[in-house]
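The paragraphs below lead through the structure by way of its sheets, helices and cores.

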Amino acid sequence: MTQQTDLLQGTLDLLVLKTLTLGPLHGWGISKRIRQLSQDALDVGQGSLYPALYRLEDAGCIEATWGISAEGKRAKIYELTALGKKQFAKSQNQWQSFLTAVEHVLSAT
Amino acid sequence: MWYRRLARRVRALLHRADVERELAEEFRFHIEQEAAELARLHGLSPDEARRRALVAFGGVEKWRESHHDARGTRWLEESWHDVSFAVRSLRRNRGFASAVVLTLALGIGVNTAMFTLLHGTLLRPLPNHDGERLVYLRQSAPAAKHDNVLFSVPEIADYRAGAKTLSAIAEYSGAVPFTLVGSDGQPVRLRVGIVSGNYFSVMGLEPVLGRLTSARDDGAAAAPVAVLSYDYWMERFGGDPKVIGRTVRLNDMVVTIVGVVQRAPLYPRPTDIYANTVTSPHHLSATMVTDRSHRMSELFAHLAPNTTVEQARAEISRISSNLFRDHPEAYEKAAHYEIGVSQLRQAVNERAARMFWLLMGAAAFVLLIACANVANLTLMRGVGREREMLVRAALGAGTARLRRLLVMENLTLALIGGAIGVLVAFAGLKLLVAFAAQFSPRAYEVRVDAVVLGVGLATSIAAAFALSFIPRIGGDRALATSLAPVGRRSTLGRGRQRFQRSLVVAQIAVCMVLLTGAGLLVRTLAKLQSVDTGVHAEHVLTIDLPLQGDLLREVMKQPENLAKYERIRDRVAALPGVETASIGSTAPLRNSMADFDLKAEGRILPPNRPTPHAAMRTADTGYFAAAGIPLLAGRGFQSTDRRGSGLVVVLNQSFARQLFGDLNPVGQRIAWTGQVLKYTPFTGDWRTVVGIVGDTRDRGLDNDPTPTVYLPFAQEMILNGALVVRTSADPAELQAMIVRSIHDVAPRQLIEKVRTIDQIRDENVAPRRLNALFITSFGTLAFVIAMVGIAGVLAFSVSSRTAEIGIRMSLGADARRVRSMVLGEGGVLLAFGLTLGFAAALFAARLLRSLLFGVTPHDPVTLGGVALVLAAVGVAACWLPAARAARVDPAVALRAE
């Protein structure tokens with residue numbers, strides 16, 4: 001298994017939560033949307049995506065139900081829970097302050 | 001939320017197939033979508049698109065694993081794997097597994113058993129309410145060798161009035177004999193405790209039936225009532241609840257049963273019935289109430305709030321020194337009266353505590369040895385497995401995972417061992433209780449309960465964990481060298497070797513300690529058994545024939561009782577097979593009923609020496625001959641020594657020497673003396689010594705002969721009767737006939753303690769035999785385990801050095817040299833172990849001192865003998881592997897490498 005730092009793992013969770021704020025999606029849809037939104041800069045490997053999804057489901061941030069995809073196939077659709085929304089807001093703030101902090105460091109002369 | 005999470009996890013574990021199917025479906029969907037997208041964007045063929053999608057997805061299996069991780073159930077699943085793996089791997093190593101299980105079963109079993117004992121008797125709080133704050137008061141006169149003289153009514157009043165640290169003082173008196181006449185008219189002797197009304201409330205005891213006594217049951221005007229002890233209620237009345245309100249006849253007084261008291265330690269002596277003071281005329285008699293030296297009661301007290309035992313002790317000591325000063329006539333100075341105040345919980349187990357802790361210590365040692373042995377086995381097996389571990393580590397198993405594997409394996413072994421051990425403890429419970437009952441009134445509380453099982457379990461788990469961290473996992477040795485054919489060797493690193501050897505040394509040392517203890521106790525037993533009891537006769541049967549009813553009244557009927565006893569004696573003497581029958585107050589080797597101070601005419605006591613004190617016994621003309629007590633000087637009693645004729649006595653040898661030294665005692669005169677005498681039917685008249693007889697060990701084989709004065713049975717008041725019958729053949733065969741003929745003469749006569757002299761002697765030795773048996777079996781256990789240990793370590797050392805031995809032999813070492821090399825290796829371990837053990841044994845044996853008789857704790861015979869035996873068996877244990885080493889064929893050994 002690829003080694004991931006907590007930071008990167010947290011980032012992936014944040015990305016997943018963000019995509020789900022836009023509406024319920026299945027796993028493949030999530031990976032595709034991350035790709036699109038990042039303009040192909042971020043390609044989330046399936047090997048990271050699904051563990052992240054299960055982890056988030058386990059933590060109660062998202063909920064999965066079996067439904068029918070836009071393509072008319074049976075698929076597992078993930079949806080944000082109330083806890084997930086709260087978690088997203090929190091993570092987003094943390095991420096912003098982290099970015100600011102890094103910027104401060106990098107812009108120091 | 002947590003419950004949903006938990007539910008998901010449970011589902012993931014229980015419905016693993018469902019979860020896997022869903023997972024597979026989700027992945028399939030993902031790959032299909034990806035393939036479709038690829039086909040759409042890059043115009044790939046469906047097959048090619050699917051291939052690329054699969055490649056992009058990566059190994060499906062691998063991601064599945066990581067899903068388990070994400071789900072948090074992986075640990076559990078793996079643990080289950082580990083257990084089944086452990087079971088499989090142990091099945092392949094049956095010899096190893098059974099050796100470990102057995103060794104641990106012994107170690108854990110012995111410990112569980114001993115802990116059960118300790119827990120039931122010493123550790124558990126008393127069943128009494130607020131039992132921790134109960135104290136027991138003991139008045140003793142150490143210089144006069146009285147360890148418990150009890151308390152008199154005036155003394156009790158003084159302590160009640162003076163002691164502020166004690167909120168209440170309760171009395172218990174078991175000194176008066178009682179008989180109960182049952183519904184069949186046959187009298188039975190009962191153990192009756194005369195108690196003050198507050199006894200039960202002070203002791204914190206509750207009734208299981210009816211009521212207990214209270215202050216209104218005190219005094220001469222109260223109605224006579226009785227409270228049954230739980231055991232007696234069960235035994236005699238079968239737990240019948242209708243017993244309340246029934247009456248029984250205690251010493252001819254009609255007493256109403258008002259209640260049954262809960263089960264509690266019967267201390268200071270076993271008690272069948274508790275009765276109020278009015279049931280014992282003796283306790284109400286004027287002399288008893290007013291005389292300070294007429295001591296009949298044991299005292300129990302409850303500590304006042306916010307006081308400690310120490311404060312109570314200090315206060316009681318202050319009060320008592322005032323009493324000693326104000327009433328010199330009741331406290332002879334040279335006797336050094338003193339009062340002890342001890343927590344009841346401790347007093348109850350005074351005799352038990354040391355013995356039980358000692359056994360617990362011995363048991364812990366056995367477990368230590370067992371664990372050391374198993375550690376050694378594990379270590380040896382660990383060498384074989386070191387490669388397995390390295391390979392596993394190289395293939396990606398984490399160190400933690402491997403360690404867990406070991407823990408699981410050892411847990412499996414230890415839990416099986418522990419279970420067997422607990423079963424063994426369970427099976428031995430009865431023996432254990434019988435053993436405990438010899439020392440502690442709390443033996444009935446010994447049982448295997450949750451706490452005991454918990455400790456057994458904890459011991460097993462602790463042992464398993466300790467054992468799991470001994471073998472090394474991967475780490476410092478590279479896999480490559482370990483896998484290379486040249487590096488294929490199976491030895492332990494230097495540090496591990498040293499550790500293994502220290503284990504063996506420790507085992508031998510511990511063994512030496514245990515066996516020394518066992519040896520000392522066995523020698524004690526042998527000494528006791530060879531003690532000269534002073535009774536030199538075979539085929540002697542003794543039968544106790546007590547008076548029944550109120551003793552004070554019975555004593556007054558001397559002529560009738562004398563006639564009765566003589567009739568019984570003469571009838572038994574006339575039986576076929578009976579050589580002589582005689583009667584006395586007490587059977588030889590049994591405690592006498594009375595003992596008094598004594599003075600010798602014309603002898604002045606040196607100052608600071610307590611007044612001589614002697615047991616009083618009566619004997620008829622044939623008593624000494626029948627019991628085989630030799631007449632050393634003067635004459636025995638004659639039929640002319642009756643009431644009205646000159647008062648005569650016979651002394652035993654040691655008392656004669658104590659009183660008269662080298663002077664010829666025959667013809668001297670002695671007289672009973674002391675305050676107590678005036679309340680007894682015995683007079684302080686001068687009596688002439690007419691003879692000297694040999695000493696007898698009446699207070700137990702391990703006690704010095706008791707100073708004893710014999711009076712003629714027919715001349716004195718009768719307190720008790722005991723028949724001593726000498727038969728021509730085995731008395732056991734005549735027993736029934738003798739008992740029948742006693743009943744022919746006196747149909748209502750109590751017949752008790754029908755024992756041969758050998759049986760009395762045996763009863764005396766029995767507790768010691770149990771001690772010795774317990775410690776010896778522990779020692780033997782440890783011994784066997786340790787010997788297997790040293791042999792195993794050497795055998796392992798030999799097998800791992802086969803190549804070395806091969807080289808040595810090909811270079812010219814002969815079989816003898818190789819053998820002595822291996823023997824030397826074992827010998828060093830033995831020598832170290834024995835030296836260490838010797839030092840430890842010297843120290844540990846001192847703890848045994850109070851249990852020994854006739855041997856010192858540093859008995860050279862025992863220490864030397866044990867060391868010799870250990871050394872001899874140890875060398876023998878080393879011989880096998882040494883002989884195997886000597887048989888090594890250099891060619892074969894080197895080729896194998």
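Which residue in E23(B) does Pro546(B) stand opposite? In this predicted model, the residue of E23(B) opposite Pro546(B) is Asn720(B).

Strand E14 (residues 540-546) of chain B is mostly covered, with seven of its seven residues buried. Val540(B), Thr542(B), Asp544(B) and Pro546(B) point one way from the strand, while Leu541(B), Ile543(B) and Leu545(B) point the other way, and all of them are buried.

Strand E9 (residues 247-250) of chain B has one covered face, made of Val248(B) and Leu250(B), and one uncovered face, made of Thr247(B) and Arg249(B). Two bridges link E9(B) to strand E4 (residues 178-181) of chain B in an antiparallel arrangement, and here Leu250(B) is the bridge partner of Leu180(B).

In soluble globular proteins, nonpolar side chains tend to be buried together. The largest nonpolar core has 78 residues, and those with the most contacts inside it are Met114(B), Phe356(B), Phe435(B), Ile790(B) and Leu870(B). Helices that each supply at least two residues of this core include H6 (94-123), H14 (350-394), H16 (429-437) and H19 (494-529) of chain B, together with H25 (757-800), H27 (815-844) and H28 (860-886) of chain B. H25(B) gives the most, with 17 residues. A second, separate core of 47 residues includes Leu562(B), Ala594(B), Leu677(B) and Val754(B).

What surrounds Leu870(B), leaving aside its neighbours within four places in sequence? Its contacts are Ile508(B), Cys511(B), Met512(B), Leu515(B), Phe783(B), Met787(B), Leu830(B) and Leu834(B).

Two packed helices are described by the angle between their axes and the distance between the axes. For H25(B) and H27(B), the axes come within 11 Å and cross at roughly 145°, and H25(B) passes H27(B) in a right-handed crossing. From H25(B), the contact is made by Ile790(B), Leu794(B), Ser797(B) and Val798(B), and from H27(B) by Val822(B), Glu825(B), Gly826(B), Leu829(B) and Leu830(B). By class, this contact has six nonpolar, two polar and one charged residues. Ile790(B) takes part in this contact and is also among the residues with the most contacts inside the largest core.

Helix H16 of chain B also contains Val433(B). Why is Val433(B) classed as partly exposed? The reason is that its relative accessible area is 26%, whereas buried means under 20% and exposed over 50%. Beyond its neighbours within four places in sequence, Val433(B) is in contact with Ala443(B) and Val446(B). Val433(B) and Thr116(B) are 317 residues apart in sequence, yet their C-alpha atoms are 9.8 Å apart in space.

Chain A contains an open sheet of three strands in the order E1-E3-E2, with antiparallel pairing. Strand E1 (25-26) and strand E2 (62-68) of chain A stand at the edges, each with a single partner strand, and so one side of each has no neighbour in the sheet. Seven bridges join E2(A) to strand E3 (residues 74-80) of chain A, in antiparallel fashion, and Glu63(A) has Glu79(A) of E3(A) as its bridge partner. Helix H3 (residues 46-59) of chain A packs on this sheet, touching E2 and E3 of chain A, and its direction makes about 55° with that of E3(A).

Elsewhere in chain A, helix H2 (residues 27-37) has Gly27(A), Trp28(A), Gly29(A), Ile30(A), Ser31(A), Ile34(A) and Arg35(A) buried. After H2(A) comes Gln39(A), whose phi is positive, near 55°.

Note on methods: Residues numbered from 1 in each chain as written. Chains lettered and ligands numbered in written order. Predicted model: local features only at pLDDT ≥ 70, side-chain atom pairs only at ≥ 80, totals over all residues. Heavy atoms only, no water. Core = buried A, V, L, I, M, F, W, Y, C linked by side-chain atoms within 4.5 Å. Buried < 20%, exposed > 50% of the residue type's maximum accessible area, 1.4 Å probe, protein only. Helix = DSSP H or I, 4+ residues; strand = E, 2+ residues; numbered from the N terminus. Contact = heavy atoms within 4.5 Å. Axes fitted to C-alpha atoms, helices over the stretch in contact; angles between N-to-C directions. Left-handed = near helix turned anticlockwise from the far one by under 90°. Nonpolar A, V, L, I, M, F, W, Y, C, P; charged D, E, K, R; others polar. Pairing = 2+ DSSP bridges.
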